[in-house]
Amino acid sequence: MLATTERGGALREGIWAHGDRLATVAVALAQRLKLSAGFVELLRFAAPLHDIGKAAVPAEVLLKRAPLTAEEIALVRTHVHEGARMLAGSGARLCTAREVALTHHERWDGTGYPCGLRGEEIPLVGRIVAVADVFDALVSERPYKPAWPIDAARAEIVRGSGSQFDPKVVEAFLDLPGCRGLGRRAASEPARWLRD
Ligand SMILES: [Fe+2]
């Protein structure tokens, strides 16, 4: 029981740390895309909350090392609606956070979830967070995988351009300072990577 509680605590900390790192990358992408200061500030607030709905998914599913069953995958996917529900309210910041929570797993080619939105039907905040989310997930250690080297994660983002990701957001990603000179870098901490 204690072990389960400790693992649950570590999981929550991991989700928050992921949110913080992801927000750093998302904000850098928005600035690279020359979006307004107001947009950037809304994104800075909303991005760390993208996975808040995972609080409603059992920790043993989120921490499982083995491949998930179809039922477990469906359970994990409920986090987007749970997040939107938790972020219900008025005001631009909450509305943006709800939009991000709901759309960050949509895909540019229309095969994402929960609605199968396609291309620019997906709100821009969701398209930006999608790239930042996958990048941070790849370079981070997870229960089911080791941390990937940054150049391998970069290649995976490029591979998803036009299918999973908005090509313009991927272009902005490749323009970030940390993406230049890859091959000479081994850092696996995106915030530091971004500042270098
Ligand atoms: Fe998510």
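Modeller: Quick term first: a helix crossing is left-handed if the near helix is turned anticlockwise from the far one by less than a right angle, and right-handed if clockwise.

Biologist: Okay, so which hand is the crossing of helix 7 and helix 8?

Modeller: Right-handed. Their axes (lines fitted to C-alpha atoms over the stretch in contact, with angles from 0 to 180 degrees between N-to-C directions) come within 9 Å and cross at roughly 145 degrees. This is a predicted model: local features need pLDDT of at least 70, side-chain atom pairs count only at pLDDT 80 or more, and totals for chains, interfaces and linings use all residues. Residues are numbered from 1 along each chain as its sequence is written.

Biologist: Which residues make the contact?

Modeller: Helix 7 brings Val131, Val134, Phe135, Leu138 and Val139, while helix 8 brings Ile150, Ala153, Glu156 and Ile157. Contact means C-beta atoms, placed from the backbone, within 7 Å.

Biologist: New topic: how many helices and strands are there?

Modeller: Ten helices and zero strands, taken from DSSP runs (H or I, at least four residues; E, at least two) numbered from the N terminus.

Biologist: And which residues touch the most others in the largest nonpolar core?

Modeller: Ala26, Leu29, Ala47, Ile128, Val131 and Ala132, out of 37 residues. Such a core joins buried Ala, Val, Leu, Ile, Met, Phe, Trp, Tyr and Cys through C-beta atoms within 7 Å; buried means 20 or more other C-beta atoms within 10 Å.

Biologist: Which helix gives the most to this core?

Modeller: Helix 7, with nine residues.

Biologist: What does Ala47 touch, leaving aside neighbours within four places in sequence?

Modeller: Its contacts there are Gly19, Leu22, Ala23, Ala26, Val100, Val129 and Ala132.

Definitions and conventions
A residue is buried if 20 or more other C-beta atoms lie within 10 Å of its own, exposed if 12 or fewer, and partly exposed in between; C-beta atoms are placed from the backbone. Two residues are in contact if their C-beta atoms, placed from the backbone, lie within 7 Å.
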